[in-house]
Amino acid sequence: MAQGVLWILLGLLLWSDPGTASLPLLMDSVIQALAELEQKVPAANASHTASAWLLSASNSGPHNRLYHFLLGVQSLDAAELDPYPLSPELQGLIKEVAQHDVREGREYGVVLASDGSTVAVEPLLAGLEAGLQGRKVINLPLDSTATTREAGVTFPDVVAIAPDVKATSSPGLRDASPDVTTADIGANSPDATTGCPDVQASLPDAKAKTPPTMVDSLLAVTLAGNLGLTFLQGPQTQSHPDLGTEGCWDQLSAPRTFTLLDPKASLLTTAFLNGALDGVILGDYLSRTPEPRPSLSHLLSQYYGAGVARDPGFRSNFRRQNGAALTSASILAQQVWGTLVLLQSLEPVHSQLRCMSQEQLAQVAANATKEFTEAFLGCPAIHPRCRWGAAPYQGRPTPLQLPLGFLYVHHTYVPAPPCTDFARCAANMRSMQRYHQDTQGWKDIGY
């Protein structure tokens with residue numbers, strides 16, 4: 001049933017008109033759409049997969065080829081679709097949120113969750129689908145030095161993935177059973193780098209240690225593929241300051257537009273990484289949950305609410321801790337590397353992957369994983385002022401000059417008791433700011 005709901009949800013993305021009205025871009029609205037579909041979907045459609053619609057809705061980008069291959073579907077045409085009607089408002093919402101993008105300083109395909117975080121819907125749906133399929137694992141060619149163009153492997157033929165593949169436990173692949181069913185893809189030709197004069201322009205210190213041997217579909221379609229492809233844009237760059245860029249909604253009660261604080265942000269925004277981590281966490285949960293699985297609307301309501309199965313630690317507030325517990329940095333680096341190797345084997349080949357060596361791919365994977373684990377997983381979530389509705393600074397602030405000589409982390413004891421949800425915490429912050437500015441006459445919160 002869950003897969004059928006996702007399939008129809010993304011079908012509406014493709015073949016319905018946007019509608020004349022639209023709901024606020026809230027996670028609750030996405031959950032509302034799922035709940036409405038779950039009431040209409042007959043059990044006979046449960047075999048349809050979300051990935052079919054996710055892929056059909058997308059262009060032929062490299063990460064979409066990953067969806068095709070790892071989630072085991074091909075694009076469908078309009079004649080094969082039989083969408084179930086949603087209200088015009090929900091149709092408009094789905095049209096807006098199912099594809100993630102960053103253009104001209106704005107981020108698209110994101111929604112505001114009740115915990116105050118902004119979440120990209122596309123990697124979340126991809127993770128749910130990978131989990132519903134049981135976390136497929138595929139073997140990689142042992143000699144992957146370039147593309148398989150000369151080896152005769154083309155994308156439409158690379159679909160040999162076993163339907164019952166499972167990783168038996170978390171975290172990540174560390175505890176995967178040795179008898180996990182896998183499928184092979186074609187071995188690369190050792191001469192495939194012919195005609196690539198720049199292939200030797202690799203990083204001088206890059207050394208491939210243990211080549212990756214398998215790719216986990218859940219990590220590949222959520223985190224690994226996007227990390228690798230983003231860091232391909234500058235493989236010799238050791239730092240990506242635009243990783244994890246935050247943004248501001250035009251309003252919090254009925255958000256419509258999300259503007260990034262860094263107009264040059266990459267696709268790896270905080271919202272995207274939130275959605276990808278949520279996809280990993282919930283996909284892993286679904287892969288280990290026996291039938292009958294919970295409805296997706298119920299699962300998401302719990303996850304973005306009080307906690308899945310009433311567990312307060314299994315909810316979106318703790319996505320960074322829970323995500324870090326599912327996979328180590330070394331495992332993620334291997335998965336990023338392996339996903340880039342896989343993309344070299346799929347037609348059409350990403351232009352920047354075409355002539356890259358194992359050493360270069362290993363260095364890209366190492367850089368991407370280091371930046372992600374240090375800049376995102378290693379830090380707490382910090383909400384920008386616009387997220388909790390701060391009033392402007394009263395005066396002209398003096399920008400700090402880096403590096404800072406020292407830093408104070410201050411606490412407050414009023415109001416009490418401590419807040420336990422984002423709405424109350426944000427209200428407390430606004431109350432404290434009003435007191436300091438309006439009553440005390442300070443330019444902002446005193447400390």
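User: What is the handedness of the crossing of α8 and α10, and what makes it so?

Analyst: The crossing of α8 and α10 is left-handed. That word applies if the near helix is turned anticlockwise from the far one by less than a right angle (clockwise would be right-handed). This is a predicted model: local features need pLDDT of at least 70, side-chain atom pairs count only at pLDDT 80 or more, and totals for chains, interfaces and linings use all residues. Numbering starts from 1 along each chain as its sequence is written, and side-chain values use heavy atoms, without hydrogens and water.

User: Why are α8 and α10 called oblique to each other?

Analyst: Look at the angle. The axes of α8 (residues 270–287) and α10 (residues 319–326) cross at roughly 55° and come within 10 Å. Under 35 degrees is roughly parallel, 65 to 115 roughly perpendicular, over 145 roughly antiparallel, and the rest oblique. The pair is therefore oblique. Axes are lines fitted to C-alpha atoms over the stretch in contact, with angles from 0 to 180 degrees between N-to-C directions. Helices are DSSP runs (H or I, at least four residues), as are strands (E, at least two), numbered from the N terminus.

User: Which residues of α8 and α10 meet?

Analyst: From α8 come Thr 270, Asn 274, Leu 277, Asp 278, Val 280, Ile 281 and Asp 284. They meet Arg 319, Arg 320, Asn 322, Gly 323 and Leu 326 of α10. Contact means heavy atoms within 4.5 Å. By class, this contact has four nonpolar, four polar and four charged residues. Asp, Glu, Lys and Arg are charged; Ala, Val, Leu, Ile, Met, Phe, Trp, Tyr, Cys and Pro are nonpolar; the others, including Gly, are polar.

User: What lines the largest pocket?

Analyst: The largest pocket holds about 1800 Å³ of space. Of its 48 lining residues, Ala 381, Ile 382, His 383, Trp 388 and Met 429 are the closest to its centre. Elements giving two or more residues are α8, α10, α12 (358–377), α13 (385–388) and α14 (422–439). The largest share, six residues, comes from α14. The lining divides into 28 nonpolar, 13 polar and seven charged residues.

User: What makes Glu 104 stand out?

Analyst: Its phi is positive, about 50°, although Glu 104 is not a glycine. Glu 104 sits in the loop between β1 (101–103) and β2 (106–108).

User: What is the peptide bond from Glu 291 to Pro 292, and where does Pro 292 lie?

Analyst: That bond is cis, with omega near -5°. Pro 292 is in the loop between α8 and α9 (296–303). Leu 402 and Pro 403 are also joined by a cis peptide bond, with omega about 0°.

Technical notes. On a 1 Å grid over the protein atoms alone, a cavity is a set of points where a 1.4 Å probe fits but cannot get out, and a pocket is an open set with protein on both sides within 12 Å along at least five of seven lines; lining residues have an atom within 4 Å of a point. Grid points are joined across faces, edges and corners, and a volume is the space filled by probe spheres set on the points.
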